[in-house]
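Please keep the sequence and the structure in view while reading.

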Amino acid sequence: RNWPPVARLLQEKVSPWLVIFSIGHKIIFGFACLAVINGVFMQETFKVAQQDDQIMLRTVETKKNAHRRKMKMFFQHANDDDDNILSIDEWKDVLSEEKVKHWFAAQGLSISDPDLLWKILDTSGDRQLDLEELIQGTARLQGFAKSLDLAILNMEQKTLQTQTEEIMQNVGLIRQQTALLLRNNYDRNCEQTLRA
């Protein structure tokens, strides 16, 4: 703050070459202060940008278009016979390539079991994969499970549990009715045997 008197004293009494240290000190600390101010402005700008709806919508749309473009390139690479449909054989062939596995991992999809992934992606169940199934399926599987995905999975699991409990109750009723019918049938047979 009061560096000019100290710098002048050192220059006049000790050596004029010490002015280099004074100027270097001023330049270094001046740029350091500017860098801190610039960092604060940048941080605030990024905070505002993250909260801007238009920027968020543009970012999502850009990611969606990039994903579509990448999956289209993969589809063209994998589709050997150019029939716009991937067969299970084409799928297995292309996923046997290490480069493709690494590429999918970079897209946020780990491919440890190609058959299971095929079953998940083939939503129509026709044992063929078209471009839209590939794009939508891989988009659905990318990244980490979201809270909504887990909530849907939990709801479906509870529904299955309820249905299983109902089936078990029905099986129990059928078992009781069968036992009762067998008992009645046995009693009738015994009575007929005693009469005869």
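The sections below treat the basis of the model, the overall form, and then selected residues.

## Basis of the model

The structure is a predicted model, in which local features need pLDDT of at least 70 and side-chain atom pairs count only at pLDDT 80 or more, while totals for chains, interfaces and linings use all residues. Residues are numbered from 1 along each chain as its sequence is written, and side-chain values use heavy atoms, with hydrogens and water left out.

## Overall form

The chain contains eight helices and two strands. Here helices (H or I, at least four residues) and strands (E, at least two) are DSSP runs, numbered from the N terminus. Read from the N terminus, the order of elements is α-α-α-β-α-α-α-β-α-α.

The radius of gyration of the chain is 37 Å, whereas a compact globule of 196 residues would have one near 16 Å. This radius is taken over C-alpha atoms, and the globule rule is 2.2 Å times the number of residues to the power 0.38. Along the principal axes, the C-alpha atoms fill a box of roughly 140 × 50 × 35 Å.

## Surface, burial and charge

Of the 196 residues in the chain, 16% are buried. A residue is called buried under 20% relative accessible area, exposed over 50%, and partly exposed in between (1.4 Å probe, protein chains only). The accessible surface of the chain is about 16,000 Å², and carbon and sulfur atoms hold 60% of that surface. These areas come from the Shrake-Rupley method with a 1.4 Å probe; for residues, only the protein chains shown count as cover.

Among contacts in the chain with a separation of 6 or more, 49% join residues 24 or more positions apart. Contact means heavy atoms within 4.5 Å.

## Helix α7 and its cover

Helix α7 spans residues 131–141, and its buried residues are E133, L134, I135, G137 and T138. The cover over these buried residues includes the helices α3 (53–78), α4 (88–95), α5 (98–106) and α6 (114–121), together with strand β2 (128–129).

## Aromatic rings

A pair of aromatic rings is described by the distance of the centres and the angle of the planes. Rings of Phe, Tyr and Trp (its six-membered ring) pair if their centres lie within 6.5 Å; planes under 30 degrees apart count as stacked, over 60 as edge-to-face and the rest as tilted. By this rule there are six aromatic pairs. One of them joins W91 and F104, whose ring centres are 6.4 Å apart and whose planes stand at 65°, so the pair is edge-to-face. Because W91 belongs to helix α4 and F104 to helix α5, the pair ties together parts that are 13 residues apart in sequence.

Both W91 and F104 are buried. The rings of W103 and F104 also form an edge-to-face pair, because their centres are 5.3 Å apart and their planes are at 80°. F104 has 0% relative accessibility and so counts as buried, while W103, at 26%, counts as partly exposed. Ring pairs link F74, W91, W103, F104 and W118 into a cluster.

## Residues along the helices

V6 is part of helix α1 (residues 3–14) and is partly exposed, at 48% relative accessibility. V6 and I85 are 79 residues apart along the chain, and their C-alpha atoms are separated by 80 Å. S22 sits in helix α2 (residues 19–51) and is buried, its relative accessible area being 12%. Apart from its neighbours within four places in sequence, S22 is in contact with W3 and A7.

Q169 belongs to helix α8 (residues 147–195) and is exposed, with a relative accessible area of 56%. From C-alpha to C-alpha, Q169 and L109 are 41 Å apart in space, and they are 60 residues apart in sequence.

## Positive phi in two loops

Most residues other than glycine have a negative phi. N84, although not a glycine, has a positive phi of about 60°. N84 occupies the loop between α3 and β1 (86–87) and counts as exposed at 57% relative accessibility.

R127 is not a glycine either, and its phi is positive at about 60°. R127 lies in the loop between α6 and β2 and is exposed, with a relative accessible area of 54%.
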